[in-house]
Amino acid sequence: MYIPHLRKAYADGRYVLPPLSCGESALEPLICAETLYLHHEKHHAAYVAGANAALDALAMVNEGTLSPAQLPLITQNLMFNLGGHILHTLYWENLTGGEPQEPGEFAMSALVENFGNYAAFHKVFTSLCISVQGSGWGVLGVDALSRRLLVTAIYKHQDVLVPGFYPLLVCDVWEHAYYLTWSNDRKGYVNAFMHQINWEVVEERIKCFNRSEI
Ligand code: MN3
């Protein structure tokens with residue numbers, strides 16, 4: 001079970017920053033060009049660099065050139081930066097600048113099965129995104145144990161995650177994601193996000209967890 005869109009985020013033993021598949025103005029009005037540039041080229045790139053630096057530090061511990069006493073800090077850095085890398089890779093891919101899309105038949109039936117109807121999912125997802133305290137993410141994901149779709153918050157890039165939970169649709173609500181475009185209007189940003197979801201991509205992710213593939 002593997003999310004295809006993450007493959008280009010890792011190559012030859014290193015985490016890599018996938019190039020954006022769109023121009024810098026392509027995600028307006030959700031994200032202005034300056035935000036897209038800074039968010040991808042600076043923030044996301046820093047998480048990639050941080051994750052690789054943590055890998056290097058782990059290798060030094062293995063080789064005996066760095067004290068094992070550093071492990072708690074190194075692993076904390078790895079989880080934060082790797083979480084940032086994965087979530088941002090998913091975020092760019094689950095956005096589109098084209099006409100608003102409706103969930104496809106498969107995605108819609110999964111949402112109806114888990115939330116009752118699309119409106120209920122919309123309400124739960126947007127409410128959570130708007131109310132995440134501080135820096136974090138609103139996430140639609142799947143619990144690998146029950147195969148249930150759940151909406152939850154991830155704080156920073158890695159808190160609070162249960163093992164086996166996999167994100168399918170992610171909305172970055174760190175201030176750097178929207179402040180240059182929306183100022184303090186997170187609600188406006190989240191509502192605009194809902195109009196720019198690439199449901200084709202999200203549906204592909206949901207299909208990875210199709211019950212027939214268990
Ligand atoms: Mn971000």
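In which handedness, left or right, does helix 3 pass helix 7? Helix 3 passes helix 7 in a left-handed crossing, meaning that the near helix is turned anticlockwise from the far one by less than a right angle.

Before going on, note that this is a predicted model: local features need pLDDT of at least 70, side-chain atom pairs count only at pLDDT 80 or more, and totals for chains, interfaces and linings use all residues. Residues are numbered from 1 along each chain as its sequence is written, and side-chain values use heavy atoms, leaving out hydrogens and water.

Back to our two helices (DSSP runs of H or I, at least four residues, numbered from the N terminus). The axes of helix 3 (residues 105–115) and helix 7 (residues 199–208) come within 8 Å and cross at roughly 65°. Such axes are lines fitted to C-alpha atoms over the stretch in contact, with angles from 0 to 180 degrees between N-to-C directions. That makes helix 3 roughly perpendicular to helix 7, a label for angles of 65 to 115 degrees. Contact means heavy atoms within 4.5 Å, and here is who takes part:

| Helix | Contact residues |
|---|---|
| Helix 3 | E105, F106, A107, A110, L111 |
| Helix 7 | W199, E203, I206, K207 |

Now for the metal. The manganese ion is held by H39 (NE2), H88 (NE2), D172 (OD) and H176 (NE2), at 2.0 to 2.2 Å. Donors are N, O and S atoms within 2.8 Å of the metal (3.2 Å for Na, K and Ca); water is not among the atoms, so sites may look incomplete. H39 lies in helix 1 (residues 33–63) and H88 in helix 2 (residues 71–93), so the pair ties together parts that are 49 residues apart in sequence.

Terms used. Angles under 35 degrees count as roughly parallel, over 145 as roughly antiparallel, 65 to 115 as roughly perpendicular and the rest as oblique.
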